[in-house]
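This report describes selected strand pairings and nonpolar cores. Please keep the sequence and the model at hand while reading.

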Amino acid sequence: MLVALTRAVPPSIDRCELTHLDRAPIDYARAVEQHAAYEEALRRAGCDVRRLPEAPDSPDSVFVEDTAVVFDRVAVIARPGAESRRREVEAMVEALSPHRPLRFIDAPGTLDGGDVLVTPGRVFVGISGRTNSEGARQLAGHVAPFGFEVIPVPVHGCLHLKSAVSLLPATAGNTPEILVNPAWVDRTLFDGFEVIEIDPDEPAAANVLPVSGCVICAEEYPRTRARLEASGFATLPVPAGELAKAEGGVTCCSVLVRDSSL
């Protein structure tokens, strides 16, 4: 069973951390509606959606991805680069501990899950304003016993690595594919992947979520969606404009856990 761990949009989201965007008013009611549509898309993709306890006083708490990175045989609990977000981690520890052995990123390392792109045998880690080289080094130590190589990747112009590049669903017998904004990350660093570039008029469109063979993507980026569909991918578009004002994307709002015991 594939479980999607999510968390409600907090009423304090208008006080979220911002790095690359100017602060704009967030319509809380609309953000809640859009998040509900996202959770419904996860259900349509076959996920059992389970919410963590609400955290109304943690403005970024809806973005659960940044608190952990889940592998088949281990989960790594992150240490978010924004100090205000570190209290979000406890609920994820409680949610994952029955289902995976846990490893932890410790100070002075910082790691946001949004900076971690897991691919077969390789884990790309964005070195960004939220994730440092020590966090990447610790992650490498945690996952090496499970056969993963960690590759640090410089990120510029955006918040996280997965703002700039996402893995697409596996296609039997084909080279793995990624969706990339080449203005924010060097596509040549991803040797061995087929690359689909986003439409240049939709710079934030590279953040998509592969689930059960389909691609959950933001409906605000129809040109990039058309490129994905032209390449043979089935898409599930969701409204994501309000959370985008908080520098959030579709990967940010869930942590996926596949576990036969769930």
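Which residues does Tyr38 touch, not counting residues up to four places away in sequence?

## Basis

This is a predicted model, in which local features need pLDDT of at least 70, side-chain atom pairs count only at pLDDT 80 or more, and totals for chains, interfaces and linings use all residues. Residues are numbered from 1 along each chain as its sequence is written, and side-chain values use heavy atoms, without hydrogens and water.

## Nonpolar cores

Tyr38 touches Leu209, Ile216, Val238, Val250, Cys253 and Ser254, a contact being heavy atoms within 4.5 Å. The largest nonpolar core has 26 residues, and Tyr38, Leu42, Val211, Ile216 and Leu243 have the most contacts inside it. Such a core is a set of buried Ala, Val, Leu, Ile, Met, Phe, Trp, Tyr and Cys residues joined through side-chain atoms within 4.5 Å; buried means under 20% relative accessible area (1.4 Å probe, protein chains only).

Helix 1 (28-44) and strands 1, 12, 13 and 14 each supply at least two residues of this core, with helix 1 giving the most, four residues. Helices (H or I, at least four residues) and strands (E, at least two) are DSSP runs, numbered from the N terminus. Another core, of 16 residues, lies apart and includes Leu117, Leu167, Trp184 and Val185.

## Strand pairing

Strands pair if DSSP finds at least two bridges between them. Three strands form an open, mixed sheet in the order 9-10-11. Strand 9 (165-167) and strand 11 (194-197) are at the edges with a single partner strand each, so one side of each lacks a neighbour in the sheet.

Strand 10 (residues 177-180) pairs with strand 11 in the parallel sense over four bridges, and Val180 stands opposite Glu197.

Conventions. Buried means under 20% relative accessible area, exposed over 50%, partly exposed in between (1.4 Å probe, protein chains only).
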